[in-house]
Each structure stands twice: as structure tokens, then as C-alpha cells.
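Please look through the sequence and the model below before reading on.

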Amino acid sequence: MWWNLRTRSRLLALLILYSLIALVSSSGPAWKTLKGSPPLVVARGGFSGIFPDSSDAAYELALNKSASDVVLWCDLQLTKDGAGICFPDLKLNNATNIANVYLNKTRVYNVNGFPTRGWFTVDYNLSELAPVSLVQGVYSRTDRFDRNKFRILTVEDVAKLAKPQGLWLNVQNDAFFKERNLSINGFLNSLSSRQVSVGYISSPDVGFLREIMSGKSYRTTRIIFRFLNQNEVEPTTNQTYGTLLKNLKLVKTFASGILVPKDYIWPTDPNLYLEPSTSVVADAHREGLQVFVSNVINDLLLSYNYSYDPLAECLSFIDNNVSSVDGVLSDFPATPSAAINCFSGIGENATRKVDTWVITKYGASGDYPPCTDLAYKKAMSDGADVLDCPVQMSKDGIPFCLSSIDLTESTTAAETSFSSRATTIPEIKTGSGIFTFSLTWDEIKTLRPSMLNPYSKYTLFRNPKAKNAGTFVTLSDFLTLTKDPKYGILVSIENAAYLAERQGLNVIDAVHDALNKAGYDKPGPQKVMIQSTHGSVLMKFKENPKYERVYKIKENIYDALDSTVEDIKTFADSVVVKKFSVFPEVSAFLVNSTKTVSKLQSFNLSVYVETFSNEFVSQAWDYYSDAFVEINSFVIGAKVNGIITDFPKTADRYRKNLCLNLGDKTPPYMSPIEPGRLLQQVSQAYLPPPAPPLPVLNDTSVADPPLSAVSGFRTGAPAHAPAPAAASG
């Protein structure tokens, strides 16, 4: 009996211990916030990155696509008759159509010491603002919702949407209203009688915060001191915000938390690279102050350290092993919601939750010049499964990896004396180029690599510090570098017919020889893929069953004929398609989904999709300017077998996130985007013109003549001399 009681006690203790361990391990990371709870997501003006700031659509999207405890931010302004409205500025100019409603009604007021002209909220009663509609105030964002006639909302309107403690009122210009006999404090006091619950009140004005801190109405409201730029002067203390940051004990006397721009925590140098993080969060926590970070916005230019990945930026504030902010203010609340609840604490060696292949586009060419040793090494460390080598041929027959047959696209050739070798070859490309087969390998090695900048017209440049970094690699070097079973390889072959017929260069034999010498032709676990837009090229690799032959479809398609897919299967095991062939777009809005993936997969062809980039301008509006939302929609929504990306780290991180495979418990911000849903919310008068229907891939599209024999071994002059490029004048 005594033994049984003792044994039961031990068993009970063990069960309790195991339960505690399970509880801790299932509850996510141990948060380094002030109170140990997960950081809050604060939606600035709702989901204002998509819909007009402070519109009902913006607030509703924030509630539907964010963490369940999301806080709705309202920039509080007062009207002439003292009504409180949610609007991002004192002036109505930028984010409404008031200029069309009240013509020539601008006024000039002194705002923070500067004469300012515009349409001001204080010049209109609430009823007079009824015909005024909200529009997009950030010109880089879509204006397609400007005709939706979103009305200006009152604080009470937004409070009805917000859950208890879910409303944040920001008061930016209390003194301006006081000068016009309007009282923010009086309005706030009136809210309690109307049963409006306010969770947070913020302001950059110390005097205002002291005033409301002394009131009895705000004992359950958190008072937050908002820091502006460090060199700006706070009006009450006449000190700069940078100086006040050094006196957090003082801040604690009138606030329970602080809201700081992101560079207070992670400063950047003049070239937009991160400097060491500051101790602001730890210092504030030491004084018992919560810390909220602002300006974490997906479609702003981020530090180059984040590789244009806004989720990576969010994680730097909440998952950095030192301290975590207590909340993130964002125009795109889905991103911090996912960062907090899905991506935090997973670690570099976390298990992948999906089997989708991550295939590189010229290595990690979002961070280093394409197809260089640095791009490949970065891709390997970033978790890529398959590294790609687009094979080009030098004049003396050396196969090497380069993103294009035209050296001007990713090398410094145009800046050298080799510019005199520019020629025009219509069979290869429109316009002139300096082609790889015009230089020997020794000559090519004298060039420097150049970073690809596909979105430079938007002034979005990739890692400028490394714009000419790295060295070119031969195909043999590439195969040696990737000789590790955990990495697959993809060798891409184009222009084989031209090189054979016109230049006497046999790229197919060169690839065969390199693969054989490196031992890739022999059975083994390493994945070997051969890709081409020509079935005749892939047929040359049919004899080795180890090789996965990948057919790249150049055009965008909606579907494919059964007979065409059967034809593809005679020379390919898988297919590469463009993103538009899965989710077509018009004016950067998703229109619908195609039958492309399901048709190809129904014939047991794997489907890989290209190209996934991190720059927000590369993504449809539907993806909220976040690469993970786009990737998720293709992986979970379209069920593609692999994605081809120039930022493999982003894709690999996605595969490890904790919100995959949750079934009905999948949070809304991790659900695939429904194509066409956002476009349906555009008013009829402002819909973009419909795009022409995508074609169905037919037999003619994949028909390919057999390859001709090589014209002869090349020893010097080309077998066919291309036309020289016209001299510029």
C-alpha cells in the first residue's frame, strides 16, 4: 500500500512535469516583451496599405486578415462642431476628394510654426463632410478604390468595429485644436458616457499626455508617448525627442509606454545598411515602459540587410534573442501578425512543413550578382534545394554559368573595350548585345559581374555594396561546388541550335561531358534537372533516367490540350510556367485562377513556377506587398510542386512556419488569397480594362524541329558573322 502511494505520487509528479513541458513547448517562443506576452499588432488606419486610410474597408480587412487581438489605430481629428473623426492628417487634401466637393475653399493656418494651406477638418461640420469621400493618400499604392465613396468615419464608427481594448487613438495636434476652442480632452471625456472603450491614447505632446494622465477617465487606458524624429523639438519641454529618449524616468511619470520610429531601435547608415541595434527596448523595459515600433511598412524602402523582405524586418524587432518590442504599428497588419504567430522562434534548423522545392534563379541573385560563386554559396546557406546554372558558351568552347547569353546584362562588358564587339542577332534577342561566344573564357574572366536590378525604374536596387562582387564560375566549377547530396542542380540550356549551326559550339555535348566527369551521370541521391524551352534539347538527355527533364513554357497560358500534354510527356518529366499562367493579373490585381497546374499535374508532370521576388512591386496588390503571402497562395492555394526564386531564404523560411498544416485552425493571414476577390471590390467605374484571355497551349506551340549537327569545330572566326551593332551618335 505504501509502495503504491509512493509510486502514484511519483507518476503524478512526472505527469505534471511533462504537462508543463508540453505547455511551454506548444506555446511558441518565450517572449522578451515587458510582460512576457506576445507583441500586439496595431493596424494604422486599418489595412491602409491596400484601402484608403481609415476607411471602413481598411478596418474590416485588418480585422479579417490580422491577429485576433489586433488593435485598430485611429488618428483623431476634430471637426468644426467638435465631432471626433478618424483621419490621418489635419488637412483633408491628400486622402479625400474634398478639392472636388468644395472648390477654392482652402485656408491658411499656422501648424507647428509654419503657415500651411489646405482644407482643414476644423473648417467643416461633420454633416458637411458627408459628401466627401476617402481616397488613397499614398501615391505609390493603388488608386482603384478612389471611386468607392468610402465615407469619413467617426471614432464611434470605428469603436463599433474594434473589440474591447482594441481601439487606439493617436492625437498629433492637440495645441492646434485648442487654438480654435476645440478640446480633444473634452471629446475623450465624452466617450465614456457613450460607452466607447479606448485601449490606447498616444501623442507626441508631453503637455497633452500629462493633462489626460491626471483625469479619472483614463485609468484603464494605456498612455503612450510618441517619439518623432530625434532632432525635432517637443513643444512642452522644449527638448528634442532624442534628448527625451535619454530620460525615460521622466517619460514614465506621464506615460505607460513609448512609440518610436524603427530607426530608434535599428538605425541605418547613410547607405541604408543596418548599424548595431540600440538598447532602447531594454532601457524602456527597465523603467516599466512598453515599447511600440512604428514605420514598419511593407512598401517603404527597407534596409538592404532585409533583402526587401518585410517579414524579416518584423522579426528583427520581435525575435532577436535580446529583447522584443511590445507591439508593431503597420499599414499591412497581416505581416506582423504572421511574424509574431507563425515565424517567431522557429530557428534555422526547424523542420519544413511542406515539401515544395525551392529552386534558385541564378543562385541568390537578389543578394549577389547572378551565377557568381557568392550567389551560389548564399543560396546554399539560405536553404535552397536546387541551384541553377544557365549554361553559356565562350568563344573557345568553355561552358560556364551566366544569367544571359548577352554579357551586357550581368557583367561590365559594355564598360570595357569589348564594347566594340557588340552585334545584333535577331535569332537571339531584339537589339544589340555582346555575346558570350564573342569572347574567350580568359577574356570573360577579366570582366566583373553586375547585379541584376529588375526594378530599378522604381528606384529599388539590390545590395549596392555587392553590385560587382563575386567571380564567374565554369560549369565544372559549379558542379564541384554543388557536389553535395542535399543540393540538387538544374542545368539550363538555350540557343543550342544557333550555337551549333552558326557558331560551331556544341553546348549539349559540353553539358554531357561536364556531368559525366563530375559523376552526376551515375546513380545517386542527388537531384539533377536539365531545363530547356526546346523539347529537342531535352530529348538529348532521355537516355539517362536519373535526369529530370524540365520543359519551360515561355508564354502565359490558361490551359493545355490533352494531346499537347501527352506530347510534352514524351520529352519532359516536369514543367516550368510563369506566375501569370497560374494566377492571371490585370493592373496588378489577380483576376482568377487557371487550369494550368491541375492539368499538367493530372498527367503526372511536376509544376514549378517562376519567378518569385521580394520587391513589393513584383507582387499583385492581393499579396499585401509581402512575399510570404504570394508564396503561400501558390504553395497552399495552387499546390505547385516548386517555386523558382532569386531570394531562396524567404522561400525556405516560409516552409518552416508554424502555421502550416493546421487545417481548420489556420489563421486568416495564412490562408491563400482568393484570386479576384480584391478586384471585385473596385467600383464598376474604376475597373481596369479586362486583359485578353490567355491561350490554351496546343500541339503547334510545343512542336520543335530536331537539332542540326554542329557546323564544325570553332577555332577563331565565327561560322556565321553576325551584323555589327550600329554606332551610337
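## Nonpolar cores

A nonpolar core is a set of buried Ala, Val, Leu, Ile, Met, Phe, Trp, Tyr and Cys residues joined through side-chain atoms within 4.5 Å, where buried means under 20% relative accessible area, exposed over 50% and partly exposed in between, with a 1.4 Å probe and protein chains only. This is a predicted model, in which local features need pLDDT of at least 70 and side-chain atom pairs count only at pLDDT 80 or more, while totals for chains, interfaces and linings use all residues. Residues are numbered from 1 along each chain as its sequence is written, and side-chain values use heavy atoms, with hydrogens and water left out.

The largest nonpolar core holds 193 residues, and the members that touch the most others are Leu-167, Leu-188, Phe-225, Phe-227, Ile-258, Phe-478 and Leu-515. When residues up to four places away in sequence are not counted, Phe-227 has contacts (heavy atoms within 4.5 Å) that include Tyr-241, Leu-244, Leu-248, Ile-258, Pro-261 and Tyr-264. In soluble globular proteins, nonpolar side chains tend to be buried together.

## Helix H13

Helices (H or I, at least four residues) and strands (E, at least two) are DSSP runs, numbered from the N terminus. Helix H13 spans residues 373-381, and within this helix Asp-373, Ala-375, Tyr-376, Ala-379 and Met-380 are buried. These residues cover an arc of only 165° around the axis, which puts them on the same side of H13; the arc is that of the directions from the helix axis to the C-beta atoms.

The buried residues of H13 pack against strands S14 (357-360), S15 (386-393) and S16 (399-401), and also against helices H15 (475-481) and H22 (648-655). H13 is followed by Gly-383, whose phi is positive, near 95°.

## A buried loop residue

Phe-437 lies in the loop between strand S18 (432-433) and helix H14 (441-444), and Phe-437 is buried, with a relative accessible area of 2%. Although Phe-437 and Gly-397 are 40 residues apart along the chain, their C-alpha atoms are separated by 8.0 Å.

## Disulfides and other cysteines

A search of the whole structure finds three disulfides, a disulfide being a pair of cysteine sulfur atoms within 2.5 Å. In one of them, Cys-74 and Cys-86 have their sulfur atoms 2.1 Å apart, and the torsion about their S-S bond is about -100°, so the disulfide is left-handed. Cys-74 is in strand S2 (residues 71-78) and Cys-86 in strand S3 (residues 84-86). Cys-342 and Cys-659 form a disulfide with sulfur atoms 2.0 Å apart; Cys-342 lies in helix H12 (residues 334-343) and Cys-659 in the loop between H22 and strand S28 (696-697), so this pair ties together parts that are 317 residues apart in sequence.

Cys-389 and Cys-401 also form a disulfide, their sulfur atoms 2.0 Å apart, and because Cys-389 lies in strand S15 and Cys-401 in strand S16, the pair ties together parts that are 12 residues apart in sequence. With the bonded cysteines of the chain numbered in sequence order, the pairing is 1-2, 3-6, 4-5. Cys-314 is in no disulfide, the nearest cysteine sulfur being that of Cys-342, 12 Å away, and Cys-314 is buried, with a relative accessible area of 3%. Cys-371 is likewise in no disulfide, with the sulfur of Cys-401, the nearest cysteine sulfur, 6.0 Å away; at 0% relative accessibility, Cys-371 counts as buried.
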